[in-house]
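Student: Could you take me through one part of this model slowly? I would like a close look at a single spot and what surrounds it.

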There are 2 protein chains.
Amino acid sequence: MNTPKIVIVGGVAGGASCAARSRRLSEEAEIIMIERGPFVSFANCGLPYHVGEVIKEEEDLLVASPELFRDRFAIDVRIQCEVTKIDRENKTVTIRSMTTGETYDETYDYLVLSPGAAPLRPPLEGIDHPAVFTVRNIPDIRAIKEMTGNGQAKSAVVVGGGFIGLEMAENLHHIGMQVSVIEMAEHVMPVLDKEMATMVNEHLDSMRVDLYLGSAVQSFENGPDDKPLVNLASGEQIAADIVIMAIGVRPETGLAKAAGLDLGPRGGIAVDGFMHTNDPNIFAVGDAVEVEGYVMGGKRLIPLAGPANRQGRLVADVILNPDKPKPFRGVQGTAVCGVLGMTVASTGETEKSLGLMARDGKVIEYEKVYSHPFSNATYYPGAQQMSFKLIFAKEDGRVLGAQAVGLAGVEKRIDVVAMAIQMGATVYDLEEAELCYAPQYGSAKDPVNMAGMIAANVLKGVSKIVHWPELENFDGILIDVRDPEEYATGFAEGAINMPLDSLRKNLDSLPKDKEIWAYCYVSQRAYFAERILTQHGYNAKTVSGGILSYWAADADA
Amino acid sequence: MNTPKIVIVGGVAGGASCAARSRRLSEEAEIIMIERGPFVSFANCGLPYHVGEVIKEEEDLLVASPELFRDRFAIDVRIQCEVTKIDRENKTVTIRSMTTGETYDETYDYLVLSPGAAPLRPPLEGIDHPAVFTVRNIPDIRAIKEMTGNGQAKSAVVVGGGFIGLEMAENLHHIGMQVSVIEMAEHVMPVLDKEMATMVNEHLDSMRVDLYLGSAVQSFENGPDDKPLVNLASGEQIAADIVIMAIGVRPETGLAKAAGLDLGPRGGIAVDGFMHTNDPNIFAVGDAVEVEGYVMGGKRLIPLAGPANRQGRLVADVILNPDKPKPFRGVQGTAVCGVLGMTVASTGETEKSLGLMARDGKVIEYEKVYSHPFSNATYYPGAQQMSFKLIFAKEDGRVLGAQAVGLAGVEKRIDVVAMAIQMGATVYDLEEAELCYAPQYGSAKDPVNMAGMIAANVLKGVSKIVHWPELENFDGILIDVRDPEEYATGFAEGAINMPLDSLRKNLDSLPKDKEIWAYCYVSQRAYFAERILTQHGYNAKTVSGGILSYWAADADA
Ligand SMILES: Cc1cc2nc3c(=O)[nH]c(=O)nc-3n(C[C@H](O)[C@H](O)[C@H](O)COP(=O)(O)OP(=O)(O)OC[C@H]3O[C@@H](n4cnc5c(N)ncnc54)[C@H](O)[C@@H]3O)c2cc1C
Ligand SMILES: Cc1cc2nc3c(=O)[nH]c(=O)nc-3n(C[C@H](O)[C@H](O)[C@H](O)COP(=O)(O)OP(=O)(O)OC[C@H]3O[C@@H](n4cnc5c(N)ncnc54)[C@H](O)[C@@H]3O)c2cc1C
Ligand SMILES: CC(C)(COP(=O)(O)OP(=O)(O)OC[C@H]1O[C@@H](n2cnc3c(N)ncnc32)[C@H](O)[C@@H]1OP(=O)(O)O)[C@@H](O)C(=O)NCCC(=O)NCCS
Ligand SMILES: CC(C)(COP(=O)(O)OP(=O)(O)OC[C@H]1O[C@@H](n2cnc3c(N)ncnc32)[C@H](O)[C@@H]1OP(=O)(O)O)[C@@H](O)C(=O)NCCC(=O)NCCS
């Protein structure tokens, strides 16, 4: 059957991609795309930047229009229509017009659900204050811009320090507002590991964004001039002109659940590798579904546009080109966020996600290395230092995940590692990656190579590493192998200064019966010191990440 | 034996990397590094930017000094010493001091040759004019800067439009000189395929660099005021204050050859995967050696810093940690060059290199697709369009190579494809790559995904493509599916305008017995048109790359 009737619920990333690909695969299919909101195919990911007036015109956010779907794709797009019910037995959906309130039924051969995820709006006292907003679609942004657009709103509280929260913070800051960010966790970017995210904390701080970490909002009040007051569990109260709630999203599963479709353990719609729900005629894609973690398995909720688009496209293939598709390969969680000039990116597993897996019984022995490489050759002006964390399996060196934070060149390295992870690469593969090098773009040993080399040394036993948190129970000797001037700027607690370049001369002052941990600025000289010490019969280790990582960890304490 | 005596010839990329890693692996080895020039460990790749005063201080080019090698690595560095002879039988080298002229012998257990490659300086009449320079090391740059540094030299001729030539052109342009580039081939960047490189031609043109393509220098003359005159084979004569010869490099094999070491078919020192020459005690690395092409095999000369560094490091492992190393995996040829704001990058095979392989009997059936994606989401300001070419095996979709040219985001995509190629990825893997996406960094379907999707469609038969050069022998119908306003700005010869969005209505005007080729601006709408046509029983194909590729090809005609 190449003439099925396909009804799609949701007309943005997953839904619109499915619709467009479906038409390309079949001129004869009947394709109906139903969207509750007034727009289809809008750039959700651009919404914050429209508030920040970086994206000037609202229409720039409209990637495609119902007219384009009609003319180019011969797709019947129905905006401001909500699917309110699925009758699986009769293969019909009930549709309610949001403008007239009328309802009617529509039959389908295949139903594709791409309803997305809704911003969480917990039932806190006062949350219905008219200046408390969430950010999901163009009407949301219009409402916010009504308050920010005329320059009258001067201060904002953003609740939630994840991707969307920080993008909103950046943009509100960009239009000159005083911004406070309230985050329940000890650091922003809760998907990252703590020691990486603390650098973002510091950056926000330096940009005069007020950070309330480990803070929960308890209620909202109506303050003077009808402006909202935000009450924290700590008792603090913050006044602001507007409040943005960005504490996460929840998959829109109401429709699916009511129709008896299976949900998964994380609360998203359960699907197989071909995006089938438990009803063979119903597919689900995008933010509403649970996906398989690509690296370590396990069901996850990972709301990202790329996967939503690819899943929508895949469903079209499954329906209309059924002998061809490969199953969806799962989601790595490759993500990036710009935060006031800083870039934060990650791919694959974090220690946090590995911890969660382990709690579910899926244990993998891993190691991690920290480095602080530069975006490009340091002899070329403008090179920016980033922080890079690589996580890999102890057994075989398989790359499990990477996180990076910095001002330049960050997402490039994460993209390369993302491709490496997809292909099952090990740290040895990173070590010998052959990447673009000219001084304004990279280094002869790219940060990706360097991370691979450091990790390979660890796995091969060329280097033994420890991490700063282990210092607490350490009763050996900690040496700082930087130069005295560097040491003088601050050192780790208990460290004695033994500069690398005179280490060989001073070996006698070190004991052979105690462990010696060496650190420097980033770890490189410490590693060189470790090699000297080890070969002279000392029991030496390198503290991964150097004082930079110490400071990052410390900033946090 | 962990106490060998290692003598290294050449103290820069390959040599210095070998020395440093050797010391890290063994405190007891005796390591002597001999360098003909006055500096070790300098940033060759930064030399042009010092001429351009982008890298302000000469000392910034010195990545490490003999003192550092002594203090940190306990390495005996001998600068201004040339190794003039290898006595393999007695395992000694003869060393001549460049300052005193004295010679002496030094024994070795292992000899590592990393002498690099010398700029070609063909025996043209007048080439010894004092204002005709080559660019290899710091003394070369000093000499050039003596003429450019005081602002008196106003014009330059750069002979050779490869990486180094164009970097020199950029930098001379940057300090305000009028620059002419003379290139024997029909386009600059001879390692790229022609239709990709022509964009660089145009860019240089737009930046008022005078390009002489398909032009050979015949001789130099001494002109008025002792300035050089460059005579082209065409009879043209160009006057300039200085001339830079950058027509390529030749591996420094004199020493190896005199010692009876094998050279390979391309004239470099022959080595195995562990960088052994045919003498088990002599290794060779870097620009002087022939490497195996990683993608398609075959011996190549690929002078790049990354591989030189990795090979030097590998040799240290082979000597001192012999149970551990993996053999060198060959060179993909990942390279990047900045050209006056434009970035040109490539990895893996080109059509040109595949053509050479085929001539040597190594034939692979390949296909290619062109795309013109943007560096980031087009709805976010500043997105820059690039040109992207992906080459892949017809049989299994294995990625063979990629080239890209544009103003932003270019080297990132080539790096991702480089990693993909390293891991043996297919276009299907690119299709489902999961890369960083936020609007200022990329797109939900990244350029890498898009190239993969386009290629996958071709391999799966969802799309049939043709390439512009085939138009010459085409007797079907060529349709331009852009809007009339776009068509009016220029169209391919013989094309009739049939806008995509009204194509379905106008199908009757097209014949079913002729092939129909569709094109648009970049190919996307053409592909959509192709799908409509095919499904309505027409014999349709898409011209890959659209009018942008047509213009690129045309610019060249
Ligand atoms: C502010 C913001 C910034 C973001 N930034 C990024 C980013 O930088 N990078 C990234 O990868 N991802 C980002 N995302 C996430 C990304 O937008 C989503 O992952 C993606 O849009 C999910 O696609 P989807 O099709 O599942 O859902 P959506 O794109 O949300 O589309 C679902 C649509 O279905 C409609 N709908 C729901 N129920 C019904 C119903 N019953 N009847 C009719 N219509 C219905 C909704 O109105 C909605 O328009 C961002 C999201 C937001 C909100
Ligand atoms: C101007 C310029 C720009 C470049 N830009 C880039 C770039 O952007 N990216 C990139 O990847 N690559 C670039 N390269 C190439 C890169 O520099 C080389 O691939 C790399 O340096 C090769 O390393 P090597 O050790 O083989 O040789 P080299 O680094 O050239 O070192 C060889 C050394 O050996 C010495 N020597 C030779 N013979 C003897 C002897 N008999 N006795 C003693 N000493 C001897 C020489 O004096 C020389 O210093 C550039 C090169 C140049 C010249
Ligand atoms: C606008 C929208 C409907 C487009 O859907 P689409 O047509 O499938 O996707 P794109 O415009 O990205 O184009 C991709 C298609 O063009 C093809 N294509 C792209 N460039 C091409 C080229 N140069 N030559 C040939 N084909 C090309 C691709 O192969 C693909 O077709 P396929 O799926 O049949 O293989 C959908 O992406 C959308 O709604 N986007 C906005 C919402 C959204 O994604 N939000 C979240 C992110 S902000
Ligand atoms: C300067 C030079 C001698 C350095 O050699 P090197 O010490 O081997 O190389 P790097 O400084 O790049 O450091 C790499 C080493 O530090 C280690 N390292 C780097 N960062 C580290 C970190 N944060 N923690 C632990 N180890 C680290 C790497 O693992 C590697 O050691 P290994 O080879 O034993 O695994 C050599 O690169 C050189 O001469 N460069 C200039 C010339 C040149 O390359 N020219 C061409 C390009 S312009």
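**A close look at one site**

Tutor: Happy to, and let's keep in mind that this is a predicted model. Glu53(A) sits in the loop that links helix 2 (47-51) to helix 3 (66-73) of chain A. Its phi is positive, about 60°, although Glu53(A) is not a glycine.

Now for the part I would like us to study, ligand 3. You will find ligand 3 between chains A and B. Around ligand 3 there are 29 residues, and those that come nearest are Arg21(A), Arg24(A), Ser41(A), Gln524(B) and Tyr527(B). By type, the shell around ligand 3 consists of 18 nonpolar, 7 polar and 4 charged residues.

Where do these residues come from? Helix 1 (13-25) and helix 8 (305-320) of chain A, as well as helix 12 (447-459) and helix 14 (524-535) of chain B, each give at least two residues to the shell. Helix 1 of chain A has the largest share, with 6 residues.

Next, look at single atoms. On the chain A side, a polar side-chain atom of Ser41(A) is 2.6 Å from an oxygen atom of ligand 3. On the chain B side, Tyr527(B) places a polar side-chain atom 2.5 Å from an oxygen atom of ligand 3, while a backbone N or O atom of Val522(B) lies 3.5 Å from a nitrogen atom of the ligand. Finally, ligand 3 taken alone exposes 940 Å², and the protein buries 90% of that.

Methods
Residues are numbered from 1 along each chain as its sequence is written. Chains are lettered from A and ligands numbered from 1 in the order in which they are written. This is a predicted model: local features need pLDDT of at least 70, side-chain atom pairs count only at pLDDT 80 or more; totals for chains, interfaces and linings use all residues. Side-chain values use heavy atoms; hydrogens and water are left out. A residue is near a molecule or strand if one of its heavy atoms lies within 4 Å of it. A polar contact is a pair of N or O atoms within 3.5 Å; within protein, one must be able to donate a hydrogen and the other to accept it, and residues adjacent in sequence count only if both atoms are side-chain atoms. Accessible areas come from the Shrake-Rupley method with a 1.4 Å probe; for residues, only the protein chains shown count as cover. Helices (H or I, at least four residues) and strands (E, at least two) are DSSP runs, numbered from the N terminus. Ala, Val, Leu, Ile, Met, Phe, Trp, Tyr, Cys and Pro count as nonpolar, Asp, Glu, Lys and Arg as charged, and the others, Gly among them, as polar.
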